[in-house]
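Visitor: I'd like to learn how to read a structure like this one. Could you walk me through it?

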Amino acid sequence: QWSNVLCSATAPSVCEVSSRAPTVAAPSHKEYWLSGYPASWDDARAKCRSTGGDLAVIHNAENEERVRAACGSWERDNLCWVGLRTAPMSRTFRWVDGVDVAAYSNWRDGEPNNSASDGGAEECGAVLPASFGGGWNDAACSVEFLFVCEYDTDVSTAPTSVEETQLIKRV
Ligand code: 2F8
Ligand code: CA
């Protein structure tokens, strides 16, 4: 039976601890912004970082869907840079948070093909919006694409002003 007592009373307590990992992934606490202008991969990353975030990383289907939706959400429909680049002296692609792309990937058929039209290397990763069929492509890092930044909503670093940041919030 139960009894009501003063909350200030001392008594033993019983804690409940989950014995299994949750079967449903926790919702991500990410906010995505699409740029309002195209930039090289390096300039894109610098803009995301200077506004408190980083280029978006994709580690699961939920991230992928939201980033692709952000990419295709403006009239300048095109590829968008994300936080994917080859490791130095390697053809292994890594996300900017250090995760190897092999953990979750959705390259388009035939990609990454390291086949820039000028014969140069393609060392940066971009997503294609749904209107382009989705998936990812490697492209020369100097090419100017729109880009998707991500911000951690737990620490509320996301920009608040479109004019100030030239980023356009969509998803
Ligand atoms: O056909 C795939 C090929 O398409 C373009 O090159 C013609 C892409 N280049 C850019 O997006 C800059 C290649 O990366 C892609 O492999
Ligand atoms: Ca390519």
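Guide: We'll go through the metal site, the ligand beside it, and then a few single residues. Keep in mind that this is a predicted model.

Visitor: Let's start with the metal. Which atoms coordinate the calcium ion (ligand 2)?

Guide: The general idea is to look for N, O and S atoms within a cut-off of the metal, which is 3.2 Å for Ca. Here the side chains of Glu111 (OE), Asn113 (OD1), Glu122 (OE) and Asn137 (OD1) coordinate the calcium ion (ligand 2).

Visitor: What spacing do the donors follow along the chain?

Guide: The spacing reads E-x1-N-x8-E-x14-N-D. Glu111 sits in the loop between β4 (93-95) and β5 (124-127), while Asn137 belongs to strand β6 (residues 136-139), so this pair ties together parts 26 residues apart in sequence.

Visitor: Is Asn137 buried or exposed?

Guide: For that you look at relative accessible area, where buried means under 20%. Asn137 has 15%, so it is buried.

Visitor: Now the other ligand. Which residues are around ligand 1?

Guide: You'll find Glu111, Asn113, Glu122, Asn137, Asp138 and Phe145 there. Sorted by class, that shell has three charged residues, two polar ones and one nonpolar.

Visitor: And how do I read the polar contacts?

Guide: Look for pairs of N or O atoms within 3.5 Å. In this model, a side-chain N or O atom of Glu122 is 2.5 Å from an oxygen atom of ligand 1. For Glu111, a polar side-chain atom lies 2.6 Å from a ligand 1 oxygen, and for Asn137 the distance is 2.9 Å. As for cover, ligand 1 taken alone exposes 400 Å², and the protein buries 51% of that.

Visitor: Can we try a residue in a strand? Where does Thr86 lie, and what is it in contact with?

Guide: Thr86 is part of strand β3 (residues 80-86). Its relative accessibility is 11%, so Thr86 counts as buried. If you set aside neighbours within four places in sequence, Thr86 is in contact with Arg91, Thr92, Phe93 and Glu123.

How values were computed. Residues are numbered from 1 along each chain as its sequence is written. Chains are lettered from A and ligands numbered from 1 in the order in which they are written. This is a predicted model: local features need pLDDT of at least 70, side-chain atom pairs count only at pLDDT 80 or more; totals for chains, interfaces and linings use all residues. Side-chain values use heavy atoms; hydrogens and water are left out. Donors are N, O and S atoms within 2.8 Å of the metal (3.2 Å for Na, K and Ca); water is not among the atoms, so sites may look incomplete. Helices (H or I, at least four residues) and strands (E, at least two) are DSSP runs, numbered from the N terminus. Buried means under 20% relative accessible area, exposed over 50%, partly exposed in between (1.4 Å probe, protein chains only). A residue is near a molecule or strand if one of its heavy atoms lies within 4 Å of it. A polar contact is a pair of N or O atoms within 3.5 Å; within protein, one must be able to donate a hydrogen and the other to accept it, and residues adjacent in sequence count only if both atoms are side-chain atoms. Accessible areas come from the Shrake-Rupley method with a 1.4 Å probe; for residues, only the protein chains shown count as cover. Ala, Val, Leu, Ile, Met, Phe, Trp, Tyr, Cys and Pro count as nonpolar, Asp, Glu, Lys and Arg as charged, and the others, Gly among them, as polar. Contact means heavy atoms within 4.5 Å.
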